[in-house]
Amino acid sequence: MGRLFRAGTGAAAACAGVIAMAAGMAAPAAAATWPQRPITLIVPFPPGGTTDIFARTIAEHMRPALGQSIVVENKPGAAGNLGVAAAARAQPDGYTIVLGSVGTQSVNQFLYSNIGFNPATDLVPLGMIASTPNVMAVAAGSPWRTLQDVMAAVKKDPGKYSYASPGIGSSVHLT
């Protein structure tokens, strides 16, 4: 994917890129005076998760650069589809931005019969701001030390073990 978004100097550069691309979404005549009002940054997931943390960090850096408030609005539901669909239906004036994920922009269209938007035609990608790893962890006292250990145990006793993921279609779930 791309580089991991980090707070600090890199954050300012990444935000400048996002700001420049967001400005390009406004109509050319309005671009010279954009933004004249607060910008909504939709997070299609609940507060407190990775996407929400990235959004709030970006908003913090965008506000002084643009001279406008960036309102982070969490619109969770349907594996992120509700929030992204709301952004896709918003006026295309540069005042609504959505922070999607691999699920909302790629996977969900193959898992759900109607996600409420077409990721290829209803949205304009501005850029990638982060790449996050998937990590598998087990209790320190467990007998497993490798992924192969876990897979062998699951194959030996199907149905005995369970795991947690952020939800159906998420990269963790698919992994």
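Me: Buried means under 20% relative accessible area. With that in mind, is tryptophan 34 buried or exposed?

Reply: Happy to start there, and do keep in mind that this is a predicted model. The cut-off for a buried residue is under 20% relative accessible area. Tryptophan 34 has a relative accessible area of 11%, so this residue counts as buried.

Me: Which tyrosine forms an aromatic pair with tryptophan 34?

Reply: A search of the whole structure turns up 2 aromatic pairs. In one of them, the ring centres are 6.2 Å apart with 55° between the planes, which makes the pair tilted. The partner of tryptophan 34 in this pair is tyrosine 95.

Me: How many residues apart in sequence are the parts that this pair ties together?

Reply: Tyrosine 95 is buried too, with a relative accessible area of 9%. Tryptophan 34 sits in the loop between α2 (28–31) and β1 (39–43), while tyrosine 95 sits in the loop between α4 (81–89) and β3 (96–98). The pair therefore links parts whose separation in sequence is 61 residues.

Me: Is the pair of tryptophan 144 and tyrosine 161 stacked or edge-to-face?

Reply: Tryptophan 144 lies in the loop between α5 (102–111) and α6, and tyrosine 161 in the loop between α6 and α7, so this pair joins parts 17 residues apart in sequence. Tyrosine 161 is partly exposed, at 34% relative accessibility. The rings are 5.3 Å apart centre to centre, with 70° between the planes. Planes over 60 degrees apart make a pair edge-to-face.

Me: Which element gives the most to the lining of the second largest pocket?

Reply: That pocket has a volume of about 580 Å³. Two or more lining residues come from each of α6 (147–156) and α7 (171–174). With 4 residues, the top contributor is α6.

Me: How many charged residues are in the lining of the second largest pocket?

Reply: The lining has 19 residues, and nearest the pocket centre are Met136, Leu147, Val150, Tyr163 and Ala164. By class, the lining divides into 14 nonpolar and 5 polar residues, and the number of charged ones is no charged residues.

Me: Stepping back, what share of the contacts with a separation of 6 or more comes from residues 24 or more positions apart?

Reply: The chain has 7 helices and 3 strands, arranged along the sequence as α-α-β-α-β-α-β-α-α-α. Of its 175 residues, 31% are buried. Among contacts with a separation of 6 or more, the share from residues 24 or more positions apart is 71%.

Definitions and conventions. Residues numbered from 1 in each chain as written. Predicted model: local features only at pLDDT ≥ 70, side-chain atom pairs only at ≥ 80, totals over all residues. Heavy atoms only, no water. Buried < 20%, exposed > 50% of the residue type's maximum accessible area, 1.4 Å probe, protein only. Contact = heavy atoms within 4.5 Å. 1 Å grid on protein atoms, 1.4 Å probe; cavity = no way out; pocket = protein on both sides within 12 Å on 5 of 7 lines; lining within 4 Å. Points joined across faces, edges and corners; volume = space filled by probe spheres on them. Nonpolar A, V, L, I, M, F, W, Y, C, P; charged D, E, K, R; others polar. Phe/Tyr/Trp six-rings, centres within 6.5 Å; stacked < 30°, edge-to-face > 60°.
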